[in-house]
Amino acid sequence: MAKNDFKLLISLDDRIIAEDIQSVLDRFEIYTMLDSDNPASSVLNAYLGSNPYEEINIIINSNDYQRALEILNDSPYRELFENK
């Protein structure tokens with residue numbers, strides 16, 4: 001799959017919400033990748049209890065983009081996707 005086959009769904013600063021959105025989409029067989037600008041933040045949180053800032057990009061296959069928006073507009077996260 002070529003790099004241009006992927007599309008950014010949303011950028012968030014909350015890993016828990018990003019993972020929950022990922023879980024919602026997984027139930028509909030829409031697979032996602034989480035890309036962090038600070039991958040060490042998960043380790044720091046686990047060992048030190050601190051939660052450093054990180055931006056998390058949720059990336060999906062471009063063919064699944066519209067379907068993902070429809071699913072998420074009917075989810076508790078619809079406010080994040082209303083303008084997309």
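## A walk around helix α1

On the α1 side the contact is made by Ile21, Val24 and Leu25, and on the α3 side by Ala68, Ile71 and Leu72; contact means heavy atoms within 4.5 Å. By class, this contact has six nonpolar, no polar and no charged residues. In this scheme Ala, Val, Leu, Ile, Met, Phe, Trp, Tyr, Cys and Pro count as nonpolar, Asp, Glu, Lys and Arg as charged, and the others, Gly among them, as polar.

A word on what you are looking at: this is a predicted model, in which local features need pLDDT of at least 70 and side-chain atom pairs count only at pLDDT 80 or more, while totals for chains, interfaces and linings use all residues. Residues are numbered from 1 along each chain as its sequence is written, and side-chain values use heavy atoms, with hydrogens and water left out.

Stepping back to the whole chain, you will find four helices and three strands, in the order β-α-β-α-β-α-α along the sequence. Helices (H or I, at least four residues) and strands (E, at least two) are DSSP runs, numbered from the N terminus. Of the 84 residues, 32% count as buried, where buried means under 20% relative accessible area, exposed over 50%, and partly exposed in between (1.4 Å probe, protein chains only). Among contacts between residues at least 6 apart in sequence, 68% join residues at least 24 apart.

Now return to helix α1 and look at its charged side chains. Arg15 and Glu19 both lie in this helix, four residues apart, about one turn. Their side chains meet in a salt bridge with an N to O distance of 3.5 Å; the term stands for a side-chain nitrogen of Lys or Arg within 4 Å of a carboxyl oxygen of Asp or Glu. Arg15 is partly exposed because its relative accessible area is 24%, and Glu19, at 38%, is partly exposed too.

Arg15 also forms a salt bridge with Glu54, with the closest N and O atoms 3.1 Å apart. This pair links distant parts of the chain, as Glu54 sits in the loop between α2 (41–48) and β3 (56–61), 39 residues from Arg15 in helix α1. Glu54 has 4% relative accessibility, so this residue counts as buried. Through shared partners, Arg15, Glu19 and Glu54 are joined into one network. The count of salt bridges comes to two.

Finally, follow the chain into the loop between α1 and β2, where Glu29 lies. The phi of Glu29 is near 60 degrees, a positive value in a residue other than glycine. Most residues other than glycine have a negative phi. Glu29 is exposed, with a relative accessible area of 59%.

Tyr31 has its place in the loop between α1 (15–27) and β2 (32–36), and at 55% relative accessibility Tyr31 counts as exposed. Not counting residues up to four places away in sequence, Tyr31 touches Asp26, Ile59, Ile60 and Asn61. The C-alpha atoms of Tyr31 and Asn61 are separated by 7.7 Å, although the two residues are 30 apart along the chain.
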